[in-house]
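I opened the notebook to record what I looked up in this structure. The entries follow the order in which I checked things.

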Amino acid sequence: MNSNGGKPEPADPENAVRMLELELMRQRATRQQAGAPYRGLRAASFIFLFAIVLGALLTFYYVFVSGGLDEFRARNASKPTPSVTTP
């Protein structure tokens with residue numbers, strides 16, 4: 001009984017192997033073409049992730065290494081307010 005949808009089975013084993021290889025190559029090519037639209041999205045996501053990491057590193061450098069935190073503290077330093085002193 002033929003279970004492959006009415007296709008005749010080849011009698012030559014080499015021909016069967018050749019047909020199997022062709023079918024596998026066709027399926028592989030179909031899978032590669034199906035994944036192609038997501039390649040650009042994947043590249044854009046990596047670029048976005050790189051930009052986020054670079055921004056975080058630059059912020060860390062500004063705040064902790066170049067003295068940005070000291071400047072912020074100096075601006076917000078508590079200044080003595082004149083108060084009335086009672087004798």
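I began with Phe60 and Phe64, which are 4 residues apart in helix 2 and so are separated by about one helical turn. I noted the general rule beside it: an α-helix has 3.6 residues a turn, so residues three or four places apart point the same way.

I then looked up how the two rings sit. A pair of aromatic rings is described by the distance of the centres and the angle of the planes. I counted 1 aromatic pair in the structure. The ring centres of Phe60 and Phe64 are 5.1 Å apart and their planes are at 45°, so I wrote the pair down as tilted. Is Phe64 buried or exposed? Its relative accessibility is 54%, so Phe64 counts as exposed.

**Confidence**

I reminded myself that this is a predicted model. The average pLDDT of the protein is 79, and 72% of the residues score at least 70. Which element has the lowest mean pLDDT? I found that helix 3 (residues 68-75) does, with 72, while helix 2 has the highest, with 90.

**Overall layout**

I listed 3 helices and 0 strands. Along the sequence the pattern reads α-α-α. The protein has 87 residues, and buried ones make up 2% of them.

**Helix 2**

I checked the length of helix 2 next. It has 29 residues and reaches 42 Å from its first C-alpha to its last, close to the 42 Å expected at 1.5 Å a residue. After helix 2 comes Gly67, and I noted that its phi is positive, near 90°.

Phe46, Leu49, Val53 and Leu57 make a nonpolar surface patch of about 400 Å². Val53, one of these, is found in helix 2, which runs over residues 37-65. With a relative accessible area of 42%, Val53 is partly exposed. A patch residue needs over 30% relative accessible area, so Val53, at 42%, clears that cut-off.

**Helix 1**

How many salt bridges does the structure hold? I found 1. The side chains of Glu23 and Arg26 meet in it, with 2.4 Å from N to O. Both Glu23 and Arg26 lie in helix 1 (residues 13-35), 3 residues apart, which is about one turn of the helix. I looked up the exposure of each partner. Glu23 counts as partly exposed because its relative accessibility is 31%. Arg26, at 47% relative accessibility, also counts as partly exposed.

Definitions and conventions. Residues are numbered from 1 along each chain as its sequence is written. This is a predicted model: local features need pLDDT of at least 70, side-chain atom pairs count only at pLDDT 80 or more; totals for chains, interfaces and linings use all residues. Side-chain values use heavy atoms; hydrogens and water are left out. Patches are made of residues with over 30% relative accessible area and no salt bridge: like charges are joined within 9 Å, nonpolar side chains (Val, Leu, Ile, Met, Phe, Trp, Tyr) within 5 Å. Accessible areas come from the Shrake-Rupley method with a 1.4 Å probe; for residues, only the protein chains shown count as cover. A salt bridge is a side-chain nitrogen of Lys or Arg within 4 Å of a carboxyl oxygen of Asp or Glu. Helices (H or I, at least four residues) and strands (E, at least two) are DSSP runs, numbered from the N terminus. Buried means under 20% relative accessible area, exposed over 50%, partly exposed in between (1.4 Å probe, protein chains only). Rings of Phe, Tyr and Trp (its six-membered ring) pair if their centres lie within 6.5 Å; planes under 30 degrees apart count as stacked, over 60 as edge-to-face and the rest as tilted. The expected span of a helix is 1.5 Å times one less than its number of residues. pLDDT is the predictor's confidence in each residue, from 0 to 100.
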